[in-house]
Structure formats: C-alpha cells, structure tokens
Amino acid sequence: MNAALIITGAAFAAALGLGLRARSGRQMGLEQWTVGGRGFGTALVFLLMAGEIYTTFTFLGGSGIAYGKGGPAYYILCYLTLGYVTSYWLLPPVWRYAKERGLYTQPDFFAAKYDSPALGMLVALVGIVALVPYLVLQFKGLGIIVATASYGAITPAAAVWIGAAAVTVYVVVSGVHGSAWTAALKDVGILFVVVFLGIYLPFHYFGGYEAMFQAIEARKPGFLALPADGQSPTWFATTTLLTALGAYMWPHTFGSLYTAREPRSFRRNAALLPLYQLINLFVFIIGFVAVVQVPGLTGPNVDLALFKVSLESFPPWFVGVIGATGVLTALVPGSMILIAGATLMANNIVRPLRPGMTDAATARLAKIFVPVMVLVCVGFTLSGGDTIVQLLLMGYNFVTQLFPCFLTSLMRRNPLDRRAAAAGILAGVGTVALTTLGGISLSAWPQLGPLRDVNVGVLALVVNLIVTVLAARLFQPVARAQAAE
Amino acid sequence: MRHLRWLAALPFLGMLGGPFVLNRVEPFILGLPLLLAWLVFCVVLTSALMALIYFTDPENREPEGER
C-alpha cells in the first residue's frame, strides 16, 4: 500500500458514502431514480450536465489527443460550446413537453412526439449501441488510473473489476441523486487538479506558456495549428458542427435535462457552461507539456501522457490526488450512462412489449439491467481490441442521426410522420456503420478537392436527410387520404 | 429585444469559419498560439453573448415557475 493508492481508495469510499446519503429520506420510484423527481435547481443541473461531459475522456483523452495530434484537439473546446448555444432554445420546449407527459427517457420523447412506441424502440436501440463503448471507455480509464496510482501493485484488469463493482453498487442504491452529489465533489477535484497542473507544469519546466509553445514549435513546426491535409480546417469545421448537433442527442445527456425543476436552468447554463469549457485549455496544456517532457508515447498509450508527466513531477501522495479525481471522472459519467442505458432497456424496449407493466415493475427491472450492462461492458473492456474505438466513433455519428427528426418534432406542425423519421434514422445509421466498418472516408477521392477532408458523418447525415424527405413525400399523400376518410 | 438572439450566430461563424483564416501558430497571443487564442476568445465571447441574450429575453423576466 502506498499513499497514492490510499487516497484513490478514499475517493471511491467518499463517492459511495455520498451516494448512500443522497438516498436517505426518499422513496426511490422510477421518477426519483431516473430523473430526481424533476426537482433539481440550476446548480445541480449545471453539475449534472457539466459532470457527464467532463469524463475520463476529457481528463486522459483530452490531454492524450493534444499530445498525439496537437491542433486538431482544439475541436473539443468548440463543439460543446456550440451545443450549449443551441440548448438555449432547444431544451426548454423538450422539458415542458416531457413534464406534461411524465416522460423519463429520450426514446419516450420520440415515441410520444411521433405517437409510436416502435420508433421509441428504434431510438433506444441506437442509444444503447452508442452508450456501450462510451461506458467501456470509462472502465478503461478507471483501469489506467487505479493501476498507475498503485504503481503497478493492482493490475488494470483487477482495477476494472473493482471499479465496475463500485459503480454498480453506487447506481443501484442511489440513482441519479448520487450522481449529482458526486458530480459536485468531482468538479471541485477536476477544477483544482487540472488548473493546478496546467499552470504549475509549464512554469516549472519552461518558465511560462509562450516559452513552452515556442519549444514545441521549434521541435514540431505547425503542430499547434491544423495541418493543410487530413485534419484540415475543413475537417475541423465539419467535425465540430456534427458533434455539436449530437451533443444533446446522447441518451444520458437528454435524460439529465428531465431532472430540472424549471427550464430557466438551461438558459442560465447556456451562458455559464461555455466558460466551464475553458478547463479544456488547461487539459491541452498538460498534454503539450508532455510533448516535450515525456516524448515517444504512441498509439493508445498517448492517453497515459497526463499520468506519465505527473509521475515524473510529483510525490506519490499528489499522484494519489490526481488518481482520486480521475476515479470520480469515471464514476460520475459512468453512473449516468448506466442509469440511462438500464432505463432505456427496461422502459423503452421491454415495457412496450409487455403492456400493463407498472412504473414500479419497470424501476425494478431497470435496476436488474444495471449489473447486466456492467458485465457486458467489462467483457468488452477486458477483451480489448480496436473494435471499441471504431464503436465509439460510430457512437458519436449514430446519435447525430437522431437530430433531424428531433428538430422537426419541435415544430408546430411536424412535416414528418413516424415512418419518415424511422427511415431517415435507419438510413443514416446504416451509412455510418458501413463507412466506419468499411474504413471508407472521402479522402479516397482526390478530385473532391478541399471537400475530401469533410467528416464522413456529414455524408451519413445527408443520406439521412434525403431518405427522410423522400419517405415524407411518399407517405404523406397516404396519411392525408387516411385523414380525409 | 428579441432580435438580439441573432447574435448567437456569431460563435458558429467564429469557430467554424475562423480556422480557415487564422490557422497559424505565430504570432503568440497572451502566450497562446494564434489559432488556440482565437478559439478561446470565441468561447469567452459565446458566454458573454448568451448572458446578454438571457438578460434581454422577456421569457426570463416572469416569476419563477411553470414557464
């Protein structure tokens, strides 16, 4: 046992304690467990939304991308900021509609708007397929963190099992309440650690920011901007836009908006959350310090950049503090994803098939699905392979395919019916799967000129839109005729 | 003051269009490479614009409750 491991373990214990405490005095029905009784104020909604966005991906992945790719990493700073801008207008009508109808999940929204439980099932399936790799990523991060903090005493595999067990217990006992309170603890932690490292490291090693960036520019000219080919400005703009549209289409993000007490929370957060994005600036800086201090990491190992540079710079107890923060960045989003995934399975896939199922029975079933989903994800995590990276890339592009029919459903008169919506989603998701699994990208056609750097997800969205419009044209006369009869 | 909401288009213009014009490392602005400094400026501007939109939006003037 060393100091790092003890501090990291204490973070686990504190998270569990907070989760148990948050439960006390509340009946955990479906509404409390999944959407916190719709009673969260601006501050808690802020924490939840910020909480599920600052994941181990930000912590390890963000610094890893800055380390490995340089300039292209900047898109992480941008896409959520643009997502928040749209949230100002998109979230309040969704919240009002969800409250009127007593909705719990994202597929509930689609099913109600399009009056079709089958469409709800399709949306739920898309969501679950997108969520699994996201959760696997959290478990992988947890494995890296605990193994590093123990200085190798605990193997990554054992760490993944310990983490998975902790998340399961935590989610089953406290539901979304535990997530909000642990999110508070986590956000204090990540703010402190990332801002401290982002200021201390460059001054310690280089004497300042400009000196550090100059050292990188001397070593790798142009690394801190976008390359002319590949991840060019065209790639940057299309990727940022695509991921911004998808930002609120993730089932767990969509689900967290139901927890608000009043829609003004979202409008306030639309102004506050962009500032919070600046944390990413410090995350990038940590990755950039590592470019000079711990060069040579390649492939998936770039995610170790933050820890490698910390191990070189700090005593074990401080590595423990970093590890503790890392554990929380995996637990909070992990628990949100689990709650969303388990609720999706119980409420939107099983429930429509078994009419007459009560809320209480659905809540019980959702809690049974939690360990099932954990086991599936632990399996994926330990079996490893590149497939999961492909799945994650697909996940982002999958959820964006829900955006067109989501947007039209907010219009006073939705021009689409359920068949057009389903056709569009299926076409878009199919295109994403084909292009990702087939390794197809537009760069194969040089005659496209600068357009060849367009993110291939744009192609899927275009196919989605074309099929949606065609299907709407095809079905609308039928619908009108039926209405006239 | 509802026309102020169109200011929300500026962050999109700045972040999606800016990299085409400002894709350079030097000069360093406040110690940051030019492109990164521009994007950070855009993020801060977004927050300020959304705050302005929030405070001038009549929807937010009504008392707390069901709106």
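**Chatting through a predicted model**

Trainee: Hi! Which helix is A:Met212 found in?

Mentor: A:Met212 is found in helix α9 of chain A, which covers residues 209-219. Helices here are DSSP runs of H or I with at least four residues, and strands are runs of E with at least two, both numbered from the N terminus. This is a predicted model, where local features need pLDDT of at least 70 and side-chain atom pairs count only at pLDDT 80 or more, while totals for chains, interfaces and linings use all residues. Residues are numbered from 1 along each chain as its sequence is written, chains are lettered from A and ligands numbered from 1 in the order in which they are written, and side-chain values use heavy atoms, with hydrogens and water left out.

Trainee: Is A:Met212 buried or exposed?

Mentor: A:Met212 counts as buried because its relative accessibility is 0%. Buried means under 20% relative accessible area, exposed means over 50%, and partly exposed is in between, using a 1.4 Å probe and protein chains only.

Trainee: What does A:Met212 touch?

Mentor: Not counting residues up to four places away in sequence, A:Met212 touches A:Pro202, A:Phe206, A:Ile285, A:Phe288 and A:Val289. Contact means heavy atoms within 4.5 Å. A:Ile285 is 73 residues away along the chain, and its C-alpha atom is 9.2 Å from that of A:Met212.

Trainee: New topic: how many helices and strands does chain A have?

Mentor: Chain A has 20 helices and zero strands. Of its 485 residues, 61% count as buried.

Trainee: At what angle do α7(A) and α19(A) cross?

Mentor: The axes of α7 (residues 117-149) and α19 (residues 418-437) of chain A cross at roughly 20° and come within 10 Å. That makes α7(A) roughly parallel to α19(A). Angles under 35 degrees count as roughly parallel, over 145 as roughly antiparallel, 65 to 115 as roughly perpendicular and the rest as oblique. Axes are lines fitted to C-alpha atoms, for helices over the stretch in contact, and angles run from 0 to 180 degrees between N-to-C directions.

Trainee: Which residues of α7(A) and α19(A) meet?

Mentor: On the α7(A) side they are A:Leu119, A:Leu122, A:Val123 and A:Val126, while α19(A) brings residues including A:Arg418, A:Ala421 and A:Ile425.

Trainee: And where is A:Arg267?

Mentor: A:Arg267 is in helix α12 (residues 264-276) of chain A. With 4% relative accessibility, A:Arg267 counts as buried. Leaving aside neighbours within four places in sequence, its contacts include A:Tyr88 and A:Arg96, along with B:Tyr54 and B:Asp57 from chain B.
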